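Visitor: I would like a close look at a single part of this model. Please take me through it step by step.

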Amino acid sequence: MKHIRNFCIIAHIDHGKSTLADRLLDFTGSVTEREKQNQLLDSMDLERERGITIKSHAIQMEYTFEGQDYILNLIDTPGHVDFSYEVSRSIAACEGALLIVDAAQSIQAQTISNLYLALENDLEIIPVLNKVDLPSANPEEVTDDIVDLLGCDPEEVIHASGKTGFGVDNILEAVIKRIPHPTGIYDEPLQALIFDSVYNPFRGVETYFRVMNGSIKKGQRIKFVATGNEYNADEVGTLKLKQFPRKEIKTGDVGYLITGIKDAREVKVGDTITDAKTPTTNPIGGFEDVKPMVFAGIYPVDTEDYEELRNSMEKLQLNDASLVFVPESSAALGFGFRCGFLGMLHMEIIQERLEREFNMTVITTVPNVSYHAFKRKDVNEAIIVNNPSDLPDPSSLDRVEEPYIKATIITKADFVGNVMSLCIEKRGLITNQTYLTTERVELTFDMPLAEIVFDFYDRLKTVSKGYASFDYSPIGMRTSKLVRVDILLNGQIVDALSSLIHVDNATTIGKKMCEKLKELIPRQQFDIPIQAAIGAKIISRETTKALRKDVTAKCYGGDISRKRKLLEKQKKGKKRMRQVGNVEIPQEAFMAVLKLN
Ligand code: GTP
């Protein structure tokens, strides 16, 4: 145990975590030439394409330092706020953390939020000033920022570059010298923390764990504390780029477990693995079920594909336990599913995976948060509303509550005014303003989560010229004056376009929705009135004018290639259109409310 180190890398998004992890693997000879590929730890195609780490992964390195062999377990963590629960579990499996700070960007919102998580778990923090090779790097100033934040000595900050490999030896030395070795008692009953799991279509769910006490042996009968389920440890082993089966994984070490579980939902990140016969009396605390934050309907473009969509979603759920869905029906779209996601990024990923891995073409409706509605006849019983069209009749309601978050934004002093105006427009209440340095300010707001879902990131980027970072955490439900704004096309309510909006903004947003839909809904042979309504009251109206005859006539010119192109364009358009009544609605229209302005 003395020669094991368990550590993670934490950073704000894009500060270079994955690149630096690759350099560590390189330097310790943990990868062969053939395996060298950019961003080794990001094994999903999607991750590689988007350049983000979606799931955390663990990898074991062997390193000899001053004549002694060490085992270094690196646990990579996702950087996006949607996946912050996974960061917290990875952190709990470690004794130390490399805190990576981009030498040009300095400390950002997730640098701080991840640092707090690490400090809460008593991790030893090794600050790394990364990307020192960048011409725009500002090493002195950023080192000062880090020293201010951590209260450490400037000498403790390691200068490094994931790109050139500079400083990697110093990082490894610091990992060995500064991070404490794991403690724990081999003779105690098994107690292991599940910090991640990955679905493998051939082998079932692979569970990644860290042994806190005892050991886990091949063939052992084990139990998952939270679910109470028992399994056989068919295979245990250590994780390098490949898996290496072992007879036993001992106290302090990290490994994988295969039990033949076929459903990702049976393995809960944060749960404790113990021995089935002599279970630990002391499961690892802090376990929580991950809750979806954003909901949206997913419908097949072709109504006939409903069953196939269900199959695909079930398969997807087997390997992504954070996806939840229930069947729903929409007057406009027919049969589909109401799905819960960790956040907007997660929603995009699911949609993309449905298309790529399952060849499904789907329509995703306006995302919304989960509301609590309270009827006057029972003011204490919350009715969960995950779909705006399920909101009970407003006249029967006592109140509606919506989820609030604490938003932390770090920006340059020059942009404080802009950021404040934006947050106030988004119904934020400022709760704190701190100058981190003369140049950099941290602002905190209480804000409705729903406002973050709607175009907040993009607006924040624009008003701060890119110099703002953002992080949030939920702070509970609060009462809000919300009304349902319905959209009528050709006189018919399209339920999938309804949204709950604060009463003060409802008219403006209703009007903007109509204008946007007018742009997005293709012209047809007849006029299409587009209306926004609250209850029976129409608050706005636009019209998509009928096509003029000569526009269609153009399609029938002599030029065959042009005609083909047009046809192809139409076909492509078809892919993501839904016929509602006699109006064709393209996918973008369902997202219109997110792109207003
Ligand atoms: P997430 O996994 O999405 O949180 O991002 P990350 O923190 O892992 O960042 P990643 O390693 O993907 O690097 C982000 C970008 O910075 C990439 O374009 C890298 O090529 C670049 N980058 C990383 N390290 C360095 C460095 O030391 N120097 C320079 N110049 N660029 C770097």
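Which residue in E11 does Lys223 stand opposite?

Guide: Lys223 stands opposite Glu230 in E11. Bear in mind that this is a predicted model. Start with the two strands. Strand E10 covers residues 221-224, and E10 pairs with E11 in the antiparallel sense. Three bridges join E10 and E11. In general, strands of a sheet pair through backbone hydrogen bonds, either parallel or antiparallel.

Now widen the view to the sheet. Eight strands make up an open sheet, and the pairing is antiparallel. Their order is E11-E10-E16-E7-E8-E15-E12-E13. Look at the edges next. Strand E11 (230-232) stands at one edge and strand E13 (243-246) at the other. Each has a single partner strand, so one side of each is left without a neighbour in the sheet. From one strand to the next, the twist averages 40°.

For another kind of pairing, turn to the helices. Helix H9 spans residues 416-425, and helix H11 spans residues 456-463. Their axes come within 9 Å and cross at roughly 155°. An angle over 145 degrees counts as roughly antiparallel. H9 and H11 are therefore roughly antiparallel to each other. The crossing of H9 past H11 is right-handed. From H9, the contact uses Asn418, Val419, Leu422, Cys423 and Glu425. From H11, Phe456, Arg459, Leu460 and Val463 take part. By class, the contact of H9 with H11 holds six nonpolar residues, one polar residue and two charged residues.

How values were computed
Residues are numbered from 1 along each chain as its sequence is written. This is a predicted model: local features need pLDDT of at least 70, side-chain atom pairs count only at pLDDT 80 or more; totals for chains, interfaces and linings use all residues. Side-chain values use heavy atoms; hydrogens and water are left out. Axes are lines fitted to C-alpha atoms, for helices over the stretch in contact, and angles run from 0 to 180 degrees between N-to-C directions. Helices (H or I, at least four residues) and strands (E, at least two) are DSSP runs, numbered from the N terminus. Angles under 35 degrees count as roughly parallel, over 145 as roughly antiparallel, 65 to 115 as roughly perpendicular and the rest as oblique. A crossing is left-handed if the near helix is turned anticlockwise from the far one by less than a right angle, and right-handed if clockwise. Contact means heavy atoms within 4.5 Å. Ala, Val, Leu, Ile, Met, Phe, Trp, Tyr, Cys and Pro count as nonpolar, Asp, Glu, Lys and Arg as charged, and the others, Gly among them, as polar. Two strands pair if DSSP finds at least two bridges between them.
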